Amino acid sequence: MEFTYAAAPESRSVVDIAPSYKLFINGDWVAGKGGTFPTINPATEEVLSKITQGSASDIDRAVKAARNAYTKIWSKLPAKERGKYLFRIARILQERAREFAVLETLNNGKPIRESRDVDIPLAAAHFFYHAGWADKLDYAGVGKSPKPYGVVGQIIPWNFPLLMLAWKIAPALATGNTVVLKPAETTPLTALLFAEVCQQADLPDGVVNIVTGDGRTGAALVNHPGIDKIAFTGSTEVGKIIARAIAGTEKKATLELGGKAANIIYDDAAIDQAVEGIINGIFFNQGHVCCAGSRLLVQESVYGTVLDKLQERMAKIRVGDPMDKNTDLGAINSAAQLAKIKELTSAGDSEGATRWSSPCELPEKGFWFAPTIFTGVTESHRIAREEIFGPVLSVLTFRTPAEAIEKANATPYGLSAGIWSEKSSKILWTAQNLRAGVIWSNTFNKFDPASPFGGYKESGWGREGGRHGLHGYLLTTQKSHSQKGGK
Ligand code: ADP
């Protein structure tokens with residue numbers, strides 16, 4: 001007998017969304033010069049608020065405020081005082097966690113269970129972790145008394161809006177930089193609420209500036225001569241535009257770009273556990289995850305078993321109202337993203353792969369896509385090569401470990417991978433041969449502020465998180481090997 005779930009909606013009364021938002025520059029809310037655009041709830045298409053399109057002159061104002069704050073205040077503050085601000089921000093994020101979780105879900109479409117249990121606690125954890133580093137930078141591994149770059153421009157995507165903000169702002173501030181951050185155009189609300197947190201924490205004016213807008217605002221930030229470094233997370237396509245824009249300048253960059261991760265299931269894996277890992281790997285956050293396990297590689301001898309169990313499990317994924325605490329898969333973030341998913345999945349059909357979607361009912365309003373797998377996928381199919389960034393899994397098979405490695409590495413990306421086996425020696429051998437920055441074994445999509453994250457090849461430059469992530473915000477004072485008299 002199947003029990004049906006009663007609706008368990010989270011209340012939205014905890015959030016107070018203003019009818020419109022200005023830009024947060026120099027500790028104050030200022031009107032922008034580029035007009036406004038609506039921000040919506042992708043699950044209902046309800047307009048939530050009006051957002052300012054930051055212009056090049058707004059960016060200029062923000063960069064000047066950040067420079068002023070850097071020169072006059074932030075760079076003069078003792079490191080442990082900087083740390084105290086970060087601790088304060090972390091505690092406020094915890095205190096206001098429910099408000100942030102509800103707002104994130106309303107603006108992004110992700111299930112409240114995920115924003116409440118993953119996004120917001122991890123965002124607070126990033127501030128706590130980096131608060132601890134602020135006065136210990138001598139031990140970061142870049143030499144004694146390392147110096148910050150100065151003013152950092154940060155551009156983030158819409159898939160984990162507050163968490164990506166934390167990944168960017170926490171290390172930048174801990175290392176003594178000041179920032180101008182541009183949130184993604186479809187998900188600006190939690191970044192704007194974070195501006196309130198900065199005020200609440202009495203952070204000195206201009207240390208954090210938030211300028212909303214679309215790609216044009218991002219481009220103005222990248223091209224501003226007053227920026228010392230760009231930290232970007234988003235598509236490989238825009239990453240390449242940024243790399244070209246800063247080539248030949250003094251600007252530094254870290255780029256977290258796309259991925260097409262292989263999730264490898266060996267025949268000796270604990271199959272039920274692996275199936276849960278496959279589900280988490282591709283359907284967490286609607287598959288809007290750059291490190292998603294979007295290419296499943298199953299050893300041929302267990303293919304039938306894995307596929308049966310996977311389809312049975314997929315049919316149980318609860319798709320619908322993101323504000324319901326029982327929802328597993330929420331809304332696709334935007335009409336544009338839904339169109340992209342539909343375009344790529346149609347290519348899957350026309351190139352000869354076989355589509356199977358979970359038999360779920362999709363709400364009429366909003367942007368939705370049922371959990372889907374494609375079997376009969378070959379390496380040349382677009383769905384095996386291109387990032388779909390949606391709840392769509394491409395299934396391939398292999399016979400030998402060597403074939404698994406070859407197929408897993410046959411991608412221009414190299415962000416993450418998963419390995420499922422009961423043999424540690426096989427896991428270690430596989431991990432050593434995979435060209436991916438983050439490799440999970442017998443688990444998937446686990447994140448921790450102490451663990452560096454980043455990719456090989458077209459998945460980006462640099463690492464975020466952990467001690468390695470600090471290097472992206474510090475000028476090294478350590479002589480490298482070649483400087484000491486190598487070639
Ligand atoms: P996605 O595919 O995840 O939407 P994008 O790379 O398009 O990724 O967007 C990620 C972020 O980059 C967003 O904040 C977006 O506004 C910004 N962006 C888009 N185009 C540019 C550009 N030419 N220069 C700088 N930032 C940009």
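Modeller: Let us begin with a pair of strands. Strand β3 (residues 36-41) and strand β4 (residues 46-52) run antiparallel and are joined by six bridges. The model is a predicted one.

Biologist: Which residue of β4 stands opposite Thr36?

Modeller: Thr36 has Thr52 in β4 as its counterpart. The two strands make up a hairpin, with four residues between them. In that turn, Glu45 has a positive phi of about 70 degrees.

Biologist: Where is Ser145 found, and is Ser145 buried or exposed?

Modeller: Ser145 belongs to the loop between α4 and β5 (147-148). The count of other C-beta atoms within 10 Å decides the matter, and a residue with 12 or fewer is exposed. Ser145 has 9, so Ser145 is exposed.

Biologist: And is Phe389 buried or exposed?

Modeller: The cut-off for a buried residue is 20 or more. Phe389 has 24 C-beta neighbours inside 10 Å and therefore counts as buried. Its place is also in a loop, the one between α12 (382-385) and β15 (392-398).

Biologist: How should I read burial along a whole strand? Take β7 (residues 178-182): how many of its residues are buried?

Modeller: One looks at each residue in turn and at the side to which it points. In β7, five of the five residues are buried, so the strand is largely enclosed by the rest of the structure. Thr178, Val180 and Lys182 point one way, while Val179 and Leu181 point the other way. Both sets are buried, the charged residue Lys182 among them.

Biologist: Which strand is joined to β7, and in which direction do the two run?

Modeller: The partner is strand β6 (residues 151-155), which runs parallel to β7 and is joined to it by five bridges. Within this pair, Ile155 is opposite Lys182.

Biologist: Let us turn to separation in sequence and in space. How far apart are Pro78 and Ala134 in each?

Modeller: Pro78 and Ala134 are separated by 56 residues in sequence, and their C-alpha atoms are 9.4 Å apart. Pro78 sits in the loop between α1 (56-72) and α2 (79-95). With 10 other C-beta atoms within 10 Å, Pro78 is exposed.

Biologist: What does Thr236 touch, leaving aside residues up to four places away in sequence?

Modeller: Thr236 touches Leu257, Gly258 and Glu458. This threonine lies in helix α8 and is buried, with 20 other C-beta atoms within 10 Å. From Thr236 to Trp74 the separation is 162 residues in sequence and 33 Å in space, C-alpha to C-alpha.

Biologist: Which residues are closest to the ligand?

Modeller: The closest are Gly215, Gly218, Gly234, Ser235 and Val238, and 16 residues surround the ligand. The elements that give two or more residues to this shell are α7 (215-223) and α8 (236-246). The largest share, four residues, comes from α7. By residue type, the shell divides into nine nonpolar, four polar and three charged.

Biologist: How is the protein divided into domains?

Modeller: The domain assignment gives domain 1 (20-257 + 461-475) and domain 2 (262-449). Their C-alpha centres lie 30 Å apart. The contact takes 21 residues from domain 1 and 21 residues from domain 2. On the side of domain 1 that touches domain 2, the elements giving two or more residues are α3 (97-108) and α4 (112-133). Helix α4 gives the most, with seven residues. The residues on that side of domain 1 comprise eight nonpolar, eight polar and five charged.

Biologist: What can be said of the fold as a whole, and how many helices and strands does the protein have?

Modeller: The protein has 15 helices and 19 strands. Its radius of gyration is 22 Å, close to the 23 Å that the globule rule gives for 487 residues, so the protein is as compact as a globular protein of that length. Along the principal axes, the C-alpha atoms fill a box of roughly 65 × 60 × 35 Å. Of the 487 residues, 53% count as buried. Among contacts with a separation of 6 or more, residues 24 or more positions apart account for 73%.

Methods. Residues numbered from 1 in each chain as written. Predicted model: local features only at pLDDT ≥ 70, side-chain atom pairs only at ≥ 80, totals over all residues. Domains from an automatic or database assignment. Contact = placed C-beta atoms within 7 Å. Rg over C-alpha atoms; globule rule 2.2 N^0.38 Å. Near = placed C-beta within 6 Å. Pairing = 2+ DSSP bridges.
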